[in-house]
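Colleague: I would like to learn how to read the contacts and open spaces of a model such as this one. Could we go through them feature by feature?

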Amino acid sequence: MVTGDHPSTAAAIAREIGLAQPAAPTLIGADLPTDLDELGALVDTDGTVLARVDPEAKLRIAIALQRRGHIVAMTGDGVNDGPALSAADSAARSRVAALRGLVADLSSRTGVDPDDLRAARGDVRGAAGDRVQ
């Protein structure tokens, strides 16, 4: 399991869904090797949980596992997951996350607080006023 979540959160989720193995480690993204062969050997084990993994590392993990003959499936909840989703053999992107991405983008372009946009419940133009292009 590969996630950007905190290690304890990632491990708890993996245990709850029956993915984590008792002896399998929870690895941190910043500690992963950059060499694809080393990376593949490290993550190609049952029950390994990878936490705090950034988008670049997710892409490297997908490629490393494909090089080892695996079919890689990924889900993503943001624009930053795009490269890894594109590299995966099968990918799914959350609609809710896509909407969050649109809210964040609109907020950055207009200067309107994201909470104000969410409070508009779909009436983004009403929350952003004439600043929406």
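**Salt bridges and a pocket**

Modeller: Arg-68 forms a salt bridge with Asp-44, their closest N and O atoms lying 2.8 Å apart, where a salt bridge is a side-chain nitrogen of Lys or Arg within 4 Å of a carboxyl oxygen of Asp or Glu. The model is a predicted one, in which local features need pLDDT of at least 70 and side-chain atom pairs count only at pLDDT 80 or more, while totals for chains, interfaces and linings use all residues. Residues are numbered from 1 along each chain as its sequence is written, and side-chain values use heavy atoms, with hydrogens and water left out.

Colleague: Which parts does the pair of Arg-68 and Asp-44 tie together?

Modeller: Side chains of opposite charge can pair when their charged atoms come close. Here Arg-68 lies in the loop between helix 3 and strand 3, and Asp-44 in the loop between helix 2 (36–43) and strand 2 (49–51), so the pair ties together parts that are 24 residues apart in sequence; helices (H or I, at least four residues) and strands (E, at least two) are DSSP runs, numbered from the N terminus.

Colleague: How many salt bridges does the structure hold?

Modeller: The structure holds two, and the side chains of Arg-60 and Glu-56 also meet in a salt bridge, at 3.7 Å from N to O. Both of these residues lie in helix 3, four residues apart, which is about one turn of the helix.

Colleague: Is Arg-60 buried or exposed?

Modeller: Arg-60 counts as buried because its relative accessibility is 17%, the classes being buried under 20% relative accessible area, exposed over 50% and partly exposed in between (1.4 Å probe, protein chains only). Glu-56, by contrast, is exposed at 55%, whereas Arg-68 is partly exposed at 42%, and Asp-44 is partly exposed at 26%.

Colleague: What volume does the largest pocket have, and which residues lie nearest its centre?

Modeller: Rolling a probe the size of a water molecule over the atoms shows where empty space is left. A pocket is an open set of points on a 1 Å grid over the protein atoms alone, where a 1.4 Å probe fits, with protein on both sides within 12 Å along at least five of seven lines, and lining residues have an atom within 4 Å of a point. The largest pocket is lined by 30 residues, of which Met-1, Val-2, Thr-3, Ala-73 and Met-74 lie nearest its centre, and its volume is about 810 Å³, meaning the space filled by probe spheres set on the points, which are joined across faces, edges and corners.
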